[in-house]
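My entries follow in the order I made them.

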Amino acid sequence: MISPFKPFCPIAVIATTPQAIKTLHSLCQQIGATLHVPSHQTSLDNTQVYQGSLKDYLTSIWSQNRVFIFGLAIGAVVRLISPLLQNKSSDPAVLVIDPTGKFVISLCSGHQGGADHLTQLIAHQLNTIPIITGATNNLNLPGIDILGLPFGWRKGEGNWTAVSSLISRGEKVQVIQEVGSTLWQDHLPSNHPFYFGFSEFNKDVKFLGQIWISATKRKFLSELNFYKVQWHPRILWAGIGCIRGTSESLIEKTINEVFQKYNLATDAIAGIATIDIKNNEDGLLKYCQNKQLPLKTFPADILIKIQVPNPSTIVQQEVGTPSVAEASAIAAANSSADSLLVSKQIIQSENEGAVTIAIAKSSLEYTGRTGKLYLIGTGPGSLAQITPAAKTAITQADVIIGYSLYLDLIKPLQRPGQVIEAFPITQEKRRATRAIELAQWGLTVAVVSSGDCGIYGMAGLVLEELQKRNWDGNTPQVEIFPGITSLQASASRVGAPLMHDFCAISLSDLLTPWKVIKKRLVAAAKEDFVTAIYNPQSRTRTQQIIYVQEVFLKYRNPKTPVALVRSAYRPDEKITLTSLEEMLNFTIDMLTTVIIGNSSTYNHKGWMITPRGYD
Ligand code: SAH
């Protein structure tokens with residue numbers, strides 16, 4: 001299975017006819033889905049056979065799957081699923097693929113269930129047309145009800161349907177973002193309907209809706225024709241101290257009471273912080289487990305160094321630091337005393353124990369996600385030359401990082417709401433560092449290189465930078481998607497010049513001493529390798545290619561065929577078939593790959609051919 005599909009699993013695929021089964025069987029393997037077929041069809045490997053009516057069977061597996069993909073007539077699917085649908089925040093995603101696999105349709109739960117997103121990924125995989133009818137998708141806007149998911153935000157109260165429909169009608173909606181990442185704002189289309197900031201001062205703009213992004217829990221009164229929703233980025237760390245044996249229920253009660261008193265949203269809790277001797281405190285562990293919150297613990301000698309407003313000598317005597325709740329909240333928020341939103345509060349109960357709590361705010365939200373790095377080769381330059389797996393990974397990522405020119409090429413693969421970060425061509429290291437930073441934070445980051453990412457591309461740089469940071473090999477997770485490298489792309493445009501042993505040599509001396517490059521050129525020329533030259537000539541680096549000709553002329557016939565392929569598979573592609581003695585009479589630049597034939601390579605009617613063997 002290609003991992004971009006993992007977040008959607010378990011996926012059930014249902015097909016009832018031989019044609020649909022054939023179409024969907026291999027898709028199931030690619031995306032890690034289970035194929036369900038009726039017992040009267042001959043079963044293939046890895047299929048689940050069902051007895052009786054599909055209607056009953058579907059009811060029995062409905063709640064066990066996140067996604068259903070039907071290879072049936074859409075009308076039949078609508079009838080089958082309609083009694084099972086409840087509401088869009090909990091229904092599974094439903095997709096339909098026509099039996100020949102020409103169209104993929106997002107039918108139900110487009111946003112929160114991920115059907116729109118998955119439809120686009122499967123369309124790449126099958127090389128077919130995605131049909132997505134949701135309005136915001138087609139306005140190229142992120143769905144407002146999924147906006148914060150990449151950053152781990154939690155959805156709060158509000159009328160989500162009403163605000164979504166305002167947006168899809170192009171009505172102006174006010175966004176008041178108090179905390180959390182603003183990355184999502186950077187790549188909105190120019191005609192987006194959001195107005196950022198407060199409106200009281202701007203009487204000209206009339207809003208019908210409001211989106212709050214904050215740690216505050218707002219109670220929305222229902223107003224006629226004015227709708228509100230709220231997202232909660234997880235930026236609050238609750239520092240907890242308690243006496244041994246304090247119950248989970250008292251901890252929960254304390255947190256709820258204090259959050260309510262200060263109008264804070266418990267959905268904005270990043271995690272719980274305490275002193276390390278509490279890492280086996282049963283009630284605390286249970287609370288964290290039930291609420292799916294991380295527990296960060298700190299030793300007394302770290303906590304003692306943190307300035308707090310309410311130190312206690314009694315606590316100091318007991319655990320070796322004058323503060324647990326305040327100091328651990330501040331430590332977890334990675335901040336200082338001014339990040340403390342709520343200073344120490346004590347809640348006691350006669351038979352359940354006692355809890356102290358303090359709340360600190362961190363500047364960066366906790367995503368609660370494990371980041372991924374997709375290192376992707378996008379091929380020489382046309383969409384048709386990118387592998388389906390690479391396309392899927394690009395569309396799936398939260399963030400795409402690359403050189404601006406290559407990012408333009410893959411624009412059609414972008415999904416509304418993705419963060420796109422373009423860097424100038426020279427800033428490879430900054431690209432790698434930024435990608436790692438975002439992945440360590442929890443995002444899925446696609447780093448794109450032209451050609452293959454592992455051949456003079458970004459893959460090596462990213463892995464090197466990870467290694468420098470003592471990467472454990474797993475977190476962030478790395479997956480590499482190969483691409484067609486320039487030497488293959490260029491060769492395919494001129495014939496079959498690489499039919500015998502060949503090598504690639506880059507003439508760029510930015511990271512490799514020229515002395516080393518020279519030695520390799522001599523070796524390749526001498527040992528009769530077909531040689532592909534990358535980075536042959538820049539505006540300032542012009543002597544190297546002259547040296548190449550000189551060295552090869554020493555060992556090969558001046559008539560040896562040479563191909564100069566510039567911008568293969570791009571609109572401005574230019575191909576020149578020439579010879580060793582004449583190659584320098586043509587334009588050679590940084591968009592060109594030079595292929596020098598071996599001693600038996602020949603040209604025939606405009607085709608460059610290297611025989612498979614030597615005579
Ligand atoms: N990772 C890339 C190579 C990057 S080095 C790959 O695998 O192809 C950059 C060099 O690649 C350029 O100087 C040029 O020599 C070659 N190149 C890149 N795109 C090309 C294209 N479309 N046609 C011909 N050569 C190309």
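Entry 1, a helix pair. I noted that α7 passes α8 in a right-handed crossing. A crossing is right-handed if the near helix is turned clockwise from the far one by less than a right angle, and left-handed if anticlockwise. The two axes, of α7 (residues 248-261) and α8 (residues 282-291), come within 8 Å and cross at roughly 60 degrees. Axes are lines fitted to C-alpha atoms over the stretch in contact, and angles run from 0 to 180 degrees between N-to-C directions. Helices are DSSP runs (H or I, at least four residues) and strands are E runs of at least two, numbered from the N terminus.

I then listed the contact (heavy atoms within 4.5 Å). From α7 it takes Glu248, Ile251, Glu252 and Ile255, and from α8 Gly283, Leu284, Lys286, Tyr287, Asn290 and Lys291. By class, I have four nonpolar, two polar and four charged residues there. Ala, Val, Leu, Ile, Met, Phe, Trp, Tyr, Cys and Pro count as nonpolar, Asp, Glu, Lys and Arg as charged, and the others, Gly among them, as polar.

The model is predicted: local features need pLDDT of at least 70 and side-chain atom pairs pLDDT 80 or more, while totals for chains, interfaces and linings use all residues. Residues are numbered from 1 along each chain as its sequence is written, and side-chain values use heavy atoms, with hydrogens and water left out.

The axes of α17 (residues 514-526) and α18 (residues 543-555) come within 9 Å and cross at roughly 30 degrees. Therefore I filed α17 as roughly parallel to α18 (angles under 35 degrees). Their crossing is right-handed. By class, the contact of α17 with α18 has ten nonpolar, one polar and two charged residues.

I found an open sheet of three strands in the order β23-β30-β29, with mixed pairing. β23 (495-496) and β29 (602-604) are the edge strands, each pairing on one side only. Strands pair if DSSP finds at least two bridges between them; β29 and β30 (residues 607-609) are antiparallel over three bridges. Tyr602 stands opposite Ile609 in β30.

Most residues other than glycine have a negative phi, and most peptide bonds are trans. I found a cis bond between Cys9 and Pro10, omega about -5 degrees, with Pro10 in the segment before β1 (11-14). Thr475 to Pro476 is also cis, with omega near -5 degrees. Ser109, not a glycine, has a positive phi of about 60 degrees.

Key: Angles under 35 degrees count as roughly parallel, over 145 as roughly antiparallel, 65 to 115 as roughly perpendicular and the rest as oblique.
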